[in-house]
Amino acid sequence: MNKFIKSDPMLCIGCRTCMIACVVNHTGKNVFNMDPDSYDFTPRVQIQITKDMTKPVQCRQCPKPKCMEACPFNAISMGEDSVILDQDICKGCGKCAKACPFDGITMARIYHGDTKGRPFRQLAFKCDLCHGTNQAFPPASKHVLRKYSHFSTRQKRRPRPRQP
């Protein structure tokens with residue numbers, strides 16, 4: 001069974017702290033002390049804002065991922081407890097992002113690091129449950145995002161108070 005991160009829209013205020021925590025956790029750098037043009041800001045969680053709610057959106061680690069079926073390069077595979085995206089294999093075609101029913105995969109251009117000799121490289125980014133990072137879960141995100149060890153396609157939603 002896959003682990004995944006569940007977000008609580010009732011607690012999310014759209015501050016994007018989870019996005020920053022994700023980038024800091026994956027790069028190991030203090031992004032607040034860096035020149036913004038010296039690194040690629042590529043969070044694996046995105047904030048979705050509508051008139052009724054604000055919530056973090058990330059990969060749900062599906063047991064039968066549509067993104068894996070859609071990838072023509074086999075860059076997406078099933079890991080022990082999550083869906084793995086191998087960015088060394090990824091060609092940036094975007095088919096996985098289009099196939100994801102939860103908008104859990106984003107496409108981004110990277111200008112730093114391994115661009116394969118080109119000025120930039122298009123890559124897919126998705127939540128990897130912080131595998132391969134110093135921390136198993138960014139502490140700045142824990143108030144809204146919670147890690148679960150089971151998969152549920154049903155989420156109970158608490159109704160938002162209506163505005164008069």
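I began with burial: of the 164 residues in the protein chain, 41% are buried. I note that this is a predicted model.

Next I looked up the surface. The protein chain exposes about 10300 Å². Carbon and sulfur atoms supply 51% of that area.

Then I listed the secondary structure. I found 3 helices and 8 strands in the protein chain. I read their order along the sequence as β-α-β-β-α-β-β-α-β-β-β.

I checked contact range as well. I took contacts in the protein chain between residues at least 6 apart in sequence; 62% of these join residues at least 24 apart.

I moved on to α1. Which residues in α1 are buried? I noted Cys18, Met19, Ala21, Cys22, Val23 and Asn25. I kept the helix geometry in mind: with 3.6 residues a turn, residues three or four places apart in an α-helix point the same way.

I followed the chain out of the helix.

My last stop was Met34. Where is Met34 found? I placed Met34 in the loop between α1 (17-27) and β2 (46-49). Why does Met34 count as partly exposed? Its relative accessibility is 22%, and the buried class holds only for values under 20%. I then looked up the contacts of Met34, leaving out residues up to four places away in sequence. Met34 touches Lys29 and Tyr39.

How values were computed
Residues are numbered from 1 along each chain as its sequence is written. This is a predicted model: local features need pLDDT of at least 70, side-chain atom pairs count only at pLDDT 80 or more; totals for chains, interfaces and linings use all residues. Side-chain values use heavy atoms; hydrogens and water are left out. Helices (H or I, at least four residues) and strands (E, at least two) are DSSP runs, numbered from the N terminus. Buried means under 20% relative accessible area, exposed over 50%, partly exposed in between (1.4 Å probe, protein chains only). Contact means heavy atoms within 4.5 Å. Accessible areas come from the Shrake-Rupley method with a 1.4 Å probe; for residues, only the protein chains shown count as cover.
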